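Hello,

Here is the structure we talked about passing on. Please look through it first, then read the notes below.

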Amino acid sequence: MFPSLAHRPWHVFCRVSLQHRAPLSQRSPRFPPLCYGWQSGGMHSLWFSLPDCRLASFGLGKVQYYSTSGNSTDDPPKSASGAAPSAENILSAAVKATPASLDPTSQGLTKAETIQVKVRAVLKKRDYGAKYTKNNFITAVRAMNEFCLKPSDLEQLRKIRRRSPHDDTEAFTVFLRSDVEAKALEVWGSQEALARERNLRKEVEREYQENIFRNQQLLKEYKDFWGNTKPRSDRRATFLQGPGKVVMVAICINGLNFIFKLLAWVYTGSSSMFSEAIHSLADTCNQALLALGISQSVRNPDAGHPYGFTNMRYIASLISGVGIFMMGAGLSWYHGIMGLLHPGPVESLLWAYCILAGSLVSEGATLLVAINEIKRSAQLHGVSFYEYVMQSRDPSTNVVLLEDAAAVLGVIMASACMGLTSLTGNPCYDSLGSLGVGTLLGTVSAFLIYTNTEALLGRSIPPERVQKLTEFLENDPAVRAIHDVKATDLGMSKVRFKAEVDFDGRVVTRSYLEKQDIDQLLNEIQQVKNPEELESFMLKHGENVIDTLGAEVDRLEKELKQRNPEVRHVDLEIL
């Protein structure tokens with residue numbers, strides 16, 4: 001539409017007219033470009049009309065100049081009297097500067113094609129730079145640690161109450177980082193002195209860490225002085241109920257079974273009895289490992305492990321599965337193969353039968369204890385016995401259940417093979433029994449390795465539970481939509497929920513307005529007369545609206561945890 005705009009200077013395309021366009025024969029002549037900056041002040045408006053390369057018209061009314069800075073470097077040119085040029089002065093200057101020989105009517109145009117562009121007044125963009133910490137808040141602990149200040153120094157600074165990120169407190173006190181930095185310079189005199197003090201304190205802390213074993217009494221006094229804000233876990237009670245009780249019973253019974261089976265193997269030389277003895281030893285060692293995992297899993301979260309040590313049970317169960325495979329299945333297979341390759345005479349199996357019968361009773365008792373515990377836990381979580389075992393919700397009890405089930409089946413298998421050896425006099429049946437027990441242990445170990453690996457990888461909770469959590473959030477009036485939902489099973493029926501939330505800004509703003517004095521708010525609006533006052537008004541209430549949005553996030557997270565006790569960690573990100 002404008003074929004030669006790129007080849008013509010700006011003043012070629014500008015024409016000036018007052019309020020309305022004159023007829024074609026009365027068009028105002030061309031004039032040089034008028035370039036002004038923005039100035040806080042008078043109310044004007046500016047319209048440009050850009051035609052094609054043959055004709056241009058320029059509608060000039062009132063021009064408004066804006067600036068967020070107080071300087072006058074961008075002000076328009078002043079006249080001799082110091083005032084900004086008026087529209088009439090601009091027009092007369094343009095007419096005088098235009099050669100009289102230029103007549104737009106000489107082009108013989110009958111129709112003008114124009115575009116109108118309105119120049120909008122905007123605030124000057126503020127450049128914050130790559131690093132801007134002037135408005136940052138820091139806590140008293142950070143102020144004392146990073147800037148080497150004392151509590152008495154902080155008492156003189158401005159205190160700001162903010163929403164607390166912790167569930168147990170509603171608000172806490174913070175300080176402006178700029179105030180803290182200024183106070184640190186006042187106390188230490190210079191950045192170099194502050195840096196020296198930091199290095200000195202780091203050296204003292206390093207020496208303290210090296211001598212920490214000699215400072216145990218000092219640490220105890222420190223904890224007694226500040227108080228322990230986290231409940232201490234009672235590890236003894238852990239082994240008197242639930243999975244801990246099952247594991248301790250299994251350790252005692254399997255330990256006794258190992259001793260008796262080992263004596264029977266020494267007396268009889270049976271390969272099947274050797275496999276059973278190795279089986280009981282592997283069970284005892286693995287369950288001792290499970291007890292260690294349970295003991296570690298009840299530790300309180302710390303700075304290095306903010307989500308706690310619950311996964312220690314899965315780690316112990318995984319190592320237990322590997323141990324069953326290497327120690328139980330491997331040795332049983334080896335002894336069975338050696339018995340087939342080099343069969344030897346078998347002594348009287350009477351004592352072996354008696355020990356296997358006693359082992360069957362003891363292993364069966366442990367198996368019943370594990371079954372009852374899993375039934376109770378499955379009923380408590382509202383799932384079936386099979387689902388509870390397959391999902392490995394309690395890895396310690398699962399290991400005891402599977403090991404004892406394999407032990408009972410192994411005793412039956414070993415008894416049958418030893419009976420065939422007694423009837424036929426062929427020791428190969430006894431060796432086959434050893435291979436059968438090894439295969440059974442290998443199957444159990446493979447299942448334990450698979451289920452515990454899945455748990456450690458961070459598997460998702462069932463889709464119906466995810467849908468339940470999502471529907472709760474979507475039913476809230478402040479939420480428009482939920483995206484990118486991730487609900488991860490942390491183990492031991494603990495869930496971490498994360499989602500991107502699209503909030504309804506109108507509902508959040510209305511929630512903020514409901515807590516305000518509307519008459520006072522209207523009065524503040526009426527007092528806004530210039531861009532600086534408008535900016536101040538918007539910054540004040542904009543920050544308050546953001547705080548209201550943060551309070552809405554906290555409310556949703558709290559309600560989600562209250563309605564779903566298994567959800568321990570909630571991360572709602574604003575979309």
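**Salt bridges within one helix**

Glu146 and Arg142 are about one helical turn from each other, because they sit 4 residues apart in helix H2. Helices here are DSSP runs of H or I with at least four residues, strands are runs of E with at least two, and both are numbered from the N terminus. The side chains of Glu146 and Arg142 form a salt bridge, with 2.9 Å from N to O. A salt bridge means a side-chain nitrogen of Lys or Arg within 4 Å of a carboxyl oxygen of Asp or Glu. Glu146 is partly exposed at 31% relative accessible area, and Arg142 is partly exposed at 35%. For these labels, buried is under 20% relative accessible area, exposed is over 50%, and partly exposed is in between, using a 1.4 Å probe and protein chains only.

Before going on, note that the model is predicted: local features need pLDDT of at least 70, side-chain atom pairs count only at pLDDT 80 or more, and totals for chains, interfaces and linings use all residues. Residues are numbered from 1 along each chain as its sequence is written, and side-chain values use heavy atoms, with hydrogens and water left out.

A second pair lies in helix H5 (residues 191-210), where Arg201 and Glu197 are 4 residues apart and so separated by about one helical turn. Their side chains meet in a salt bridge at 3.0 Å, N to O. Arg201 is partly exposed, at 34%, while Glu197 is buried, at 17%.

**Other salt bridges**

Salt bridges with shared partners link Asp476, Glu552, Arg555 and Glu559 into one network. How many salt bridges does the structure hold? The count is 19.

One of them joins the side chains of Arg162 and Asp547 at 2.9 Å, N to O. Arg162 is in strand S6 (residues 160-163) and Asp547 is in helix H18 (residues 531-563), so this pair ties together parts 385 residues apart in sequence. Arg162 is partly exposed, with 24% relative accessibility.

**The whole chain**

The protein chain has 18 helices and 10 strands. Of its 575 residues, 36% are buried. Its accessible surface is about 34000 Å², and carbon and sulfur atoms account for 59% of that. Accessible areas come from the Shrake-Rupley method with a 1.4 Å probe; for residues, only the protein chains shown count as cover. Among contacts between residues at least 6 apart in sequence, 71% join residues at least 24 apart. A contact means heavy atoms within 4.5 Å.

**Two helices in contact**

The axes of helix H10 (residues 312-341) and helix H13 (residues 395-424) come within 9 Å and cross at roughly 25°. H10 is therefore roughly parallel to H13. Axes are lines fitted to C-alpha atoms, for helices over the stretch in contact, and angles run from 0 to 180 degrees between N-to-C directions. Angles under 35 degrees count as roughly parallel, over 145 as roughly antiparallel, 65 to 115 as roughly perpendicular, and the rest as oblique.

On the H10 side, the contact is made by Arg313, Tyr314, Ser317, Ser320 and Ile324, and on the H13 side by Pro395, Ser396, Val399 and Glu403.

**Two positive phi angles**

Cys148 is not a glycine, yet its phi is positive, near 55°. Cys148 is in the loop between helix H2 (140-147) and helix H3 (151-154), and is buried at 2%. Asp484, also not a glycine, has a positive phi of about 50°. Asp484 is in strand S8 (residues 479-491) and is partly exposed at 39%.

Regards
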